[in-house]
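I opened my notebook today to look through a new structure step by step. Here is what I looked at.

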Amino acid sequence: MHGPASYGWLLVALCGATGAYCLLRMRSSVEEQRRAAGGEALMGFGMAAMAVPAAVFSPPSWAWTAYALVFGAAGLRSLWAARADRHHLHHLVGAAAMVYMAAVMAGAPAHAHGHGGSGIPLLTGTLLLYFTVYVLLTGIRLVPVAAVAGGGPGAGWGDRPELARACRLSMGIAMLAMLLTM
């Protein structure tokens, strides 16, 4: 990731913690929540790996192809799952954004920063707009759930809807930050 190292490390921490929480959510008693949490854990850990500052670690050139293949496969799985639940369309967009960022990083020289004054490419701008709207809507939906639901008595960590939404919100914010620093 380009930009100041402190931003990269903050994104690594945020995405890593989100991925770890999603692993906890995989212990839920609800099968659909477990499946969604698995995909979100993959996204969180993948984003954490991609956010490591370039000044600290520059992955080998084949790593970007590996990222693209892993998230391409996750995108195909999300496309298949979207037949039953349209929430998986968001996972598809997230996976596509990760494939796009991996492709851009594979083609970028290690010392390149920004777009060289050429402006924001159309796909980057579209993804920025999508994730901005997603973050705002998720944030709005989070407020009443946290104030009213509270997970109920005896709800486990994997069954707390407000924590699942906060997890998705943090990944959306991280995606925005990563797209902005490309």
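**Entry 1: the whole chain**

I noted before anything else that this is a predicted model. I then asked how many helices and strands there are in the protein chain. I found 6 helices and 0 strands. Reading along the sequence, I wrote the pattern down as α-α-α-α-α-α.

Next I looked up burial. The protein chain has 182 residues, and 38% of them count as buried. I also looked at how far apart in sequence the contacting residues are. Taking contacts between residues at least 6 apart in sequence, I saw that 76% join residues at least 24 apart.

**Entry 2: confidence**

I checked the pLDDT, which averages 83 over the protein chain. A score of at least 70 is reached by 84% of the residues.

Which helix has the highest confidence, and which the lowest? Helix α3 (residues 61-81) is highest, at 92. Helix α5 (residues 122-148) is lowest, with a mean of 84.

I marked two stretches for caution. Over residues 111-117 the pLDDT stays under 50, and the model has 6 contacts beyond four places in sequence for them. Over residues 145-151 it also stays under 50, with 11 such contacts beyond four places in sequence. My reminder to myself: where pLDDT is low, the predicted coordinates should not be read in detail.

**Entry 3: helices α3 and α4**

I turned to a helix pair and asked at what angle the axes of α3 and α4 cross. The answer is roughly 165°, and the axes come within 8 Å. Angles over 145 degrees count as roughly antiparallel, so α3 is roughly antiparallel to α4. I noted the crossing of α3 and α4 as left-handed.

Then I looked at who meets whom. From α3, the residues in this contact include Trp-64, Tyr-67, Ala-68 and Phe-71. From α4, they include Leu-92, Met-98, Val-99 and Ala-102. The residues of the contact of α3 with α4 divide into 14 nonpolar, 5 polar and no charged.

**Entry 4: helices α4 and α6**

Now for another pair, α4 (residues 88-107) and α6 (residues 161-180). They pack at an angle of about 25°, and their axes are 11 Å apart. Angles under 35 degrees count as roughly parallel, so α4 is roughly parallel to α6. Here too I wrote down a left-handed crossing, as α4 passes α6.

The α4 side brings Gly-94, Ala-97, Met-98 and Met-101. These meet Met-175, Met-178 and Leu-179 of α6. I sorted the residues of this contact into 6 nonpolar, 1 polar and no charged.

I spotted Met-98 in both lists: it takes part in the contact of α4 with α3 and in the contact of α4 with α6.

**Entry 5: Ala-102**

I picked Ala-102, which lies in helix α4. Is Ala-102 buried or exposed? Its relative accessible area is 1%, so Ala-102 is buried.

I looked for its contacts, leaving aside neighbours within four places in sequence. Ala-102 is in contact with Met-50, Trp-64, Tyr-67 and Ala-68. I also noted Thr-65: it is 37 residues from Ala-102 along the chain, yet their C-alpha atoms are separated by 7.1 Å.

**Entry 6: Thr-18 and Ser-170**

Thr-18 has its place in helix α1 (residues 5-25). With 6% relative accessibility, Thr-18 counts as buried. Beyond its neighbours within four places in sequence, Thr-18 is in contact with Cys-167, Ser-170 and Met-171.

Ser-170 counts as buried because its relative accessibility is 13%, and the cut-off for buried is under 20%. Not counting residues up to four places away in sequence, Ser-170 touches Leu-14 and Thr-18.

**Entry 7: Thr-138**

My last stop was Thr-138 in helix α5. At 5% relative accessibility, Thr-138 counts as buried.

Which residues does Thr-138 touch, not counting those up to four places away in sequence? They are Arg-165 and Leu-169. I also looked at Gly-172, which is 34 residues from Thr-138 in sequence and 9.0 Å away in space, C-alpha to C-alpha.

Note on methods:
Residues numbered from 1 in each chain as written. Predicted model: local features only at pLDDT ≥ 70, side-chain atom pairs only at ≥ 80, totals over all residues. Heavy atoms only, no water. Axes fitted to C-alpha atoms, helices over the stretch in contact; angles between N-to-C directions. Helix = DSSP H or I, 4+ residues; strand = E, 2+ residues; numbered from the N terminus. Parallel < 35°, antiparallel > 145°, perpendicular 65-115°, else oblique. Left-handed = near helix turned anticlockwise from the far one by under 90°. Contact = heavy atoms within 4.5 Å. Nonpolar A, V, L, I, M, F, W, Y, C, P; charged D, E, K, R; others polar. pLDDT = per-residue confidence, 0-100. Buried < 20%, exposed > 50% of the residue type's maximum accessible area, 1.4 Å probe, protein only.
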